[in-house]
Amino acid sequence: MAKVILGIDPGNARCGWGVVQEEGGELAMLACGCVETPKEEIAGNRLLSVYEQICVILKEYHPRALSMEKLFFSRNVTSAMAVAEARGVVLLAAAQAQVPVYEYTPSEIKETMTGNGQAKKKEVEAAVVYTLNLDKAPKPDDTADAVAIAITHIFWEDFNGGCGNDCVY
């Protein structure tokens with residue numbers, strides 16, 4: 001049976017997403033994209049746009065899980081707050097769709113994709129291209145990151161006997 005995972009790289013300006021399917025040990029990207037919101041838009045409307053578009057993706061692809069980058073504390077508190085707010089609306093959408101959510105740290109994603117927890121963004125993108133046999137990396141970077149996050153969950157779930165990382169919902 002096919003396993004469909006939605007990966008999310010949360011943000012209120014750009015929220016990358018990628019839907020990856022695993023069936024019989026083969027991985028394939030079903031779709032990917034980036035929810036982009038105008039910076040002149042008020043925060044509530046930006047978050048509403050992210051929420052509504054994630055709801056559409058959840059409804060269309062019916063993933064068995066959603067994987068997301070774990071929030072890490074940043075020196076830029078304003079940026080960290082915006083990411084936290086976007087994560088909140090993604091968590092809400094997943095909860096309403098009854099899709100469990102799993103989180104992975106940036107170093108866990110890099111380690112899973114490249115074997116190096118300190119890998120550069122271009123190395124992760126190259127690993128996405130290689131793993132999914134793509135011609136080029138998904139763009140923008142947020143989209144490629146989201147695809148890597150979905151792949152990470154598939155690998156962790158397979159490695160950990162079906163349980164993945166800690167479920168946050």
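## An aromatic pair

Tryptophan 156 has a relative accessible area of 21% and is therefore partly exposed; buried means under 20%, exposed over 50%, and partly exposed in between, for a 1.4 Å probe and protein chains only. Tyrosine 104, at 0% relative accessibility, counts as buried. This is a predicted model, in which local features need pLDDT of at least 70 and side-chain atom pairs count only at pLDDT 80 or more, while totals for chains, interfaces and linings use all residues. Residues are numbered from 1 along each chain as its sequence is written, and side-chain values use heavy atoms, with hydrogens and water left out.

A search of the whole structure finds 1 aromatic pair. The ring centres of tyrosine 104 and tryptophan 156 lie 5.3 Å apart and the ring planes stand at 70°, so the pair is edge-to-face. Rings of Phe, Tyr and Trp (its six-membered ring) pair if their centres lie within 6.5 Å; planes under 30 degrees apart count as stacked, over 60 as edge-to-face and the rest as tilted. The pair links distant parts of the chain, 52 residues apart: tyrosine 104 belongs to strand S5 (residues 101–104) and tryptophan 156 to helix H5. Helices (H or I, at least four residues) and strands (E, at least two) are DSSP runs, numbered from the N terminus.

## Helices H4 and H5

Helix H4 (residues 121–132) and helix H5 (residues 141–159) have axes that come within 10 Å and cross at roughly 60°. That makes H4 oblique to H5; angles under 35 degrees count as roughly parallel, over 145 as roughly antiparallel, 65 to 115 as roughly perpendicular and the rest as oblique. Axes are lines fitted to C-alpha atoms, for helices over the stretch in contact, and angles run from 0 to 180 degrees between N-to-C directions.

In the contact (heavy atoms within 4.5 Å), residues of H4 including Val124, Val128 and Leu132 meet residues of H5, among them Ala148, Ile151 and Phe155. By class, this contact of H4 with H5 has 8 nonpolar, 1 polar and 4 charged residues. Ala, Val, Leu, Ile, Met, Phe, Trp, Tyr, Cys and Pro count as nonpolar, Asp, Glu, Lys and Arg as charged, and the others, Gly among them, as polar.

## Backbone features in the loops

The loop between H4 and H5 contains proline 140, and the peptide bond from lysine 139 to proline 140 is cis, with omega near -5°. Asparagine 133 is also found in the loop between H4 and H5. Its phi is near 55°, a positive value in a residue other than glycine, and asparagine 133 counts as exposed at 70% relative accessibility.

Glutamine 98 lies in the loop between helix H2 (77–97) and S5. Phi of glutamine 98 is near 60°, which is positive in a residue other than glycine. With a relative accessible area of 66%, glutamine 98 is exposed.
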